[in-house]
Amino acid sequence: MAPSKQWMKLVDNRLDEVYFASVQKFLDYAFQRTGEEHEIQCPCIKCFNIILGTRKTVEIHLLVYGIIRNYTFWYHHGERLGEPLTEYEFEDKDGDAVEECESEDEVEELLRDLYPNLDGGSTHRL
């Protein structure tokens, strides 16, 4: 299950505890899903998923520079089309869970329509 991406909206408030904790969850997910032990592609706005970095380097870059704002489908970090998302990422100040926005589901649906074979879907032949 892919972690929620709500934390990415906090990119302008990178000192927030939720942002920091979510960066750790992202790194756990990315290293586990890619099977890499030492380096992954760095999704910060400086490296733009082109440069490899160690866990510590990527962590520092995400905290200092922030994550690419439109990188909401983590294909460089092991996310698969149709993979369910974690429903809740964090709580508001009243302790109520903040739900994942539905727009990510709509994007995944559009991607499945455009690339039906990418997630192992059946091929439609005439």
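## Terms and basis

A polar contact is a pair of N or O atoms within 3.5 Å, where, within protein, one atom must be able to donate a hydrogen and the other to accept it, and residues adjacent in sequence count only if both atoms are side-chain atoms. The model is predicted, so that local features need pLDDT of at least 70 and side-chain atom pairs count only at pLDDT 80 or more, while totals for chains, interfaces and linings use all residues. Residues are numbered from 1 along each chain as its sequence is written, and side-chain values use heavy atoms, with hydrogens and water left out.

## Helix α1

Helices (H or I, at least four residues) and strands (E, at least two) are DSSP runs, numbered from the N terminus. At the start of α1, a side-chain oxygen of Asp16 lies within 2.7 Å of the backbone nitrogen of Val18, and just after α1 Gly35 adopts a positive phi of about 75 degrees.

Trp74 belongs to the loop between α2 (55–64) and β3 (88–91), and is buried, with a relative accessible area of 0%. Leaving aside neighbours within four places in sequence, Trp74 is in contact (heavy atoms within 4.5 Å) with residues including Pro3, Trp7, Phe26 and Tyr29. The side chain of Trp74 also reaches the backbone oxygen of Tyr71 at 3.1 Å, and the C-alpha atoms of Trp74 and Ala2, 72 residues apart along the chain, are separated by 8.9 Å.

Conventions: Buried < 20%, exposed > 50% of the residue type's maximum accessible area, 1.4 Å probe, protein only.
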